[in-house]
Amino acid sequence: WEWFVCVIGAPDKLRYFLGHLFVEAAGRRHAAMSGHIGDLSSEQELTLKKFRERVGDVLSSEHDDPYLLRWLRARKFDLAKSEQMLRRHMDCRQKWQLDTAADWEPPEVLTLYQPGEFFGEDREGAPVYYDVTGNMDFKGLLKSARRYDIMKKVLRNGEICTRVLDEQSRKHGKVIDLVTVVMDLSGLGWHNLWKPALDLFIEVHSLVLSVLSDFVFLMTRFSEQNYPERLKANYVLNAPRLMSVLYGMVQPFLAEETRAKIHILGRDWRDVLRKHIDPDQLPVYYGGNATGVNDDPTCGICQGGVVPKHYYLSEMGHWVKDDPQRKTATVTAGHSMDVAVEVTKAGSVIWWGVKTESHDVSLGLFFQKSSSKHSTKDMEVIVPVERVDCSLAPEESHHVCSKEGTYVLKFDNSHSFIRSKKILYYFYVLKPEQQQS
């Protein structure tokens, strides 16, 4: 679906996507061995040994050979690229606090209306994830939750996926490291093609490859950086006709291994699911026998739906203009605005947030040791400048400061040559002793 959206809305992303298809096809068609435990060439075994030695400083006891092989397969056993990928993932784990993400409680609106759940297993023991993308209220979710929370919930799913795979491996006494996905696109229509929400949706899912296919993510910037090589099979239900046509166009360019994972099903999809998933492990809603609490035919799998307006942040009194913590400013067209705070104690946390009156603005965070004024071009980049659409809901985040010095938040409107942006924002520091309260 993310691929489908990119094709519809962004030709440059389509070109990027197709280029990756050729690379993927060339790389995988010539691979002699699968790169899984028990199917390694002597060269792959040597690469695995070297990889463990090179990244040993970031590994812990649970990082076994199957774990390392996922990163190697994702970069076709290129040692340098695999190391870079794994180290970036470790940085991501720290930034998003992923060690505890599986136990993090998302806001209520995301629990009730951002669909996607694990339930049951397929006939070979692989866990099954149900992705009800078609019934997702993109606009409602973006109006009701911070981008940070939406993104963290998707990453949380990646961590839950890892936990579920570990449980399945122990249950069956063998390594199970792949996920079967049932993607339900029922209800998908043109009303879903709302650009601000789709931009976020693509950005969010590009962080995770735990529950969707390699095919879906080949064109995204961070396609496999955090949960690579997790997909066993992706069964797509109720796909719009156009998606089937577009998939048919690119299918010849896909590697055989990738093609084998993607199944766009027709009206007999219930029979196909029962072939691969025991009916007792398949919800009644999807053609099986399993029911949940009070005979729930969906077995508790979130079905999304329209987000009630009382969840909208603007309806809850958030970000009112008379809040003394908020400040107002106008970032003129073609220019940027810098706001600085001084951090006098390491371990302090800086918090920031911004909401535009309309349209988007770019945000970035920079650091310098001295307090003298310099261009951000000469400063250390903490958070790269990136455009965010925060007209419907605020963009909020924080950074734990490991160093004392000056931190500069940049509001960048240089991408807009005509339109100035009115913003409401905050930017402040909490010292370690203040964080307790």
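Where is F77 found? In this predicted model, in which local features need pLDDT of at least 70, side-chain atom pairs count only at pLDDT 80 or more, and totals for chains, interfaces and linings use all residues, F77 is found in the loop between α4 and α5. Residues are numbered from 1 along each chain as its sequence is written, and side-chain values use heavy atoms, with hydrogens and water left out.

Helices are DSSP runs of H or I with at least four residues, strands are runs of E with at least two, and both are numbered from the N terminus. The loop between α4 (65–74) and α5 (79–96) also holds K76. Most residues other than glycine have a negative phi. Relative accessible area (1.4 Å probe, protein chains only) defines buried as under 20%, exposed as over 50% and partly exposed as in between. K76 counts as partly exposed because its relative accessibility is 39%, whereas F77, at 15%, counts as buried.

A nonpolar core is a set of buried Ala, Val, Leu, Ile, Met, Phe, Trp, Tyr and Cys residues joined through side-chain atoms within 4.5 Å. The largest such core comprises 22 residues, of which M337, I350, Y407, F411, I423, Y425 and F427 touch the most other members. Two or more residues are given to this core by each of β6 (327–331), β7 (336–343), β8 (349–356), β9 (361–368), β12 (405–412) and β13 (421–430). A second, separate core has 16 residues, including Y67, L69, L86 and M90.
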